[in-house]
Structures are given as C-alpha cells and as structure tokens.
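Visitor: I am new to this structure and would like to learn how to read it feature by feature. Could you show me the model and then take me through it?

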Amino acid sequence: YALVFCDDVYYKSFSKQPLPDGVTFTQNDASLFADESVAESTAPLGLLNRMLGKSGAACKVADDFIVDKPLQLIFVTTDASSGQANYRRNLFVAGKNSQLDFLLHHLDLSNSEHGAPNCNNIATQFNVDAGAKVNLYLCRQVHAKNFHFENATVSLGAKAGFNLYHLAVG
C-alpha cells in the first residue's frame, strides 16, 4: 500500500489504493494542526513547525487489525519547491493489538546543484496502543545542499512494541 505526496500535495493517482478496511487515511486533517502533541517540542524547529505547518497525513489502524503488507507514505520533493521550506505534520495511530510495518520515505528529486536549497521540517507523532506492534522503516534520500529536520515522538501503551530502522542517503 502506498500513499504518495509530491511537494506536500497528496496524489491519489500515484498512490496504490485501496487501503485495507482496517486502515484509515486523511490528508491535511485539521486535527493535525490543533493537536499540540504532534509537535510538542519547544525547540526552535518544533516551534516553527507548530506555527507554520500546513500539510501532512493522519493514518489510523483499527484495534486488532493486522496489516498484511507494508504501509508506505512517500513524500517527494521536486524543483517546484526549490528554495522553499516545507512544514509537515504526521500523526499515526496503531489501535490495540494491531500490527503493521510502516515505511516513511522522503525522496528529494530536486536539482539543488543549480537551484536554491529547500528545507523540510517534519513533526511526526506515533501513538501505539496497548499490545500493538509497529516496525517503522524511515528512509531519507536528500540532496546534499538541502536540509531535512525531523522530530518523531512515540507514545507506547502497555505491552506495545515500536522498532525504528533508519537509512539516510545523500
């Protein structure tokens, strides 16, 4: 399953749908920007995200649901966002006793050697309810002249599991 964003706009036509019945997805959900816990950091970058964030994704896996293959969110940056700062908020909820593998991929296709660098400032909240198991695979392919800042906060319920695997290229 893949959900594709290009320059912070969700493209259903590029995404592999439909999602399984136990998974819900919304984009630019107002709750992302109303919920202070998504970017609760008081660090300067967290405060900037809280103030300027205007795009992102919210995804929820139902209680007792096992996602049969990885759920992928792919964020692509192109030359169209050259010289810009992108402030993205994401909220992911794994219901009680659910299980999923989650791939969060940031892919930079901009040609920053000839254009202005861009900056991604991302705040992500993971709420993993009691007994849920989540494997997060975070992959960043960012051009050397660009900047990528990401703050992830994880809240774990009783007997919940959360594993993070991180690969940064560029």
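Visitor: Is C139 buried or exposed?

Guide: Buried means under 20% relative accessible area, exposed means over 50%, and partly exposed covers what lies in between, computed with a 1.4 Å probe on protein chains only. C139 has a relative accessible area of 13% and is therefore buried, and C59, at 5% relative accessibility, likewise counts as buried. Please keep in mind that this is a predicted model, in which local features need pLDDT of at least 70 and side-chain atom pairs count only at pLDDT 80 or more, while totals for chains, interfaces and linings use all residues. Residues are numbered from 1 along each chain as its sequence is written, and side-chain values use heavy atoms, with hydrogens and water left out.

Visitor: With cysteines in view, how many disulfides does a search of the whole structure find?

Guide: In general, a disulfide is a covalent bond between the sulfur atoms of two cysteines, and here the test is a pair of cysteine sulfur atoms within 2.5 Å. The search of the whole structure finds zero disulfides.

Visitor: How many helices and strands are there in the protein chain?

Guide: Both are DSSP runs numbered from the N terminus, a helix being H or I over at least four residues and a strand being E over at least two. The protein chain has two helices and eleven strands, and along the sequence they follow the pattern β-β-β-α-α-β-β-β-β-β-β-β-β. Of its 170 residues, 46% count as buried.

Visitor: What is the order of the strands in the open sheet?

Guide: Two strands pair if DSSP finds at least two bridges between them. The open sheet has five strands in the order 3-4-6-8-10, with mixed pairing. Strand 3 (23–27) and strand 10 (147–156) are at the edges with a single partner strand each, so one side of each has no neighbour in the sheet. From one strand to the next the twist averages 10°, where axes are lines fitted to C-alpha atoms (for helices over the stretch in contact) and angles run from 0 to 180 degrees between N-to-C directions.

Visitor: Which residues face each other across the strands, for instance C59 and its bridge partner in strand 6?

Guide: The bridge partner of C59 in strand 6 is F92, and strand 4 pairs with strand 6 in the parallel sense over seven bridges. Strand 6 (residues 85–94) also pairs with strand 8 (residues 119–128) in the parallel sense, over ten bridges; there N86 stands opposite N120, and R89 has A123 as its bridge partner. Strand 6 is mostly covered, with nine of its ten residues buried.

Visitor: Which residues have the most contacts inside the largest nonpolar core?

Guide: As a general idea, in soluble globular proteins nonpolar side chains tend to be buried together. A nonpolar core is here a set of buried Ala, Val, Leu, Ile, Met, Phe, Trp, Tyr and Cys residues joined through side-chain atoms within 4.5 Å. The largest one has 26 residues, and those with the most contacts inside it are L71, L73, L100 and F102. Among the elements giving two or more residues to this core are strand 5 (71–77), strand 7 (99–108) and strand 9 (133–141). Another core, of five residues, lies apart from it and includes A2, V4, I74 and V76.

Visitor: What does F102 touch, if residues up to four places away in sequence are not counted?

Guide: Contact means heavy atoms within 4.5 Å. By that rule F102 touches L71, L73, F92, F126, N135, L136 and Y137.

Visitor: Where does S15 lie, and what is it in contact with?

Guide: S15 lies in the loop between strand 2 (9–10) and strand 3, and this residue is buried, with a relative accessible area of 10%. Leaving aside neighbours within four places in sequence, S15 is in contact with A2, L3, V4 and Y10. A polar atom of the S15 side chain lies 2.8 Å from the backbone oxygen of Y11.

Visitor: Which residue in the loop between strand 4 and strand 5 deserves a look?

Guide: D64 is in that loop, and although D64 is not a glycine, its phi is positive, at about 60°. At 56% relative accessibility, D64 counts as exposed. K159, in the loop between strand 10 and strand 11 (161–169), has a positive phi near 60° and is also a residue other than glycine. K159 is exposed, with a relative accessible area of 75%.

Definitions and conventions: A polar contact is a pair of N or O atoms within 3.5 Å; within protein, one must be able to donate a hydrogen and the other to accept it, and residues adjacent in sequence count only if both atoms are side-chain atoms.
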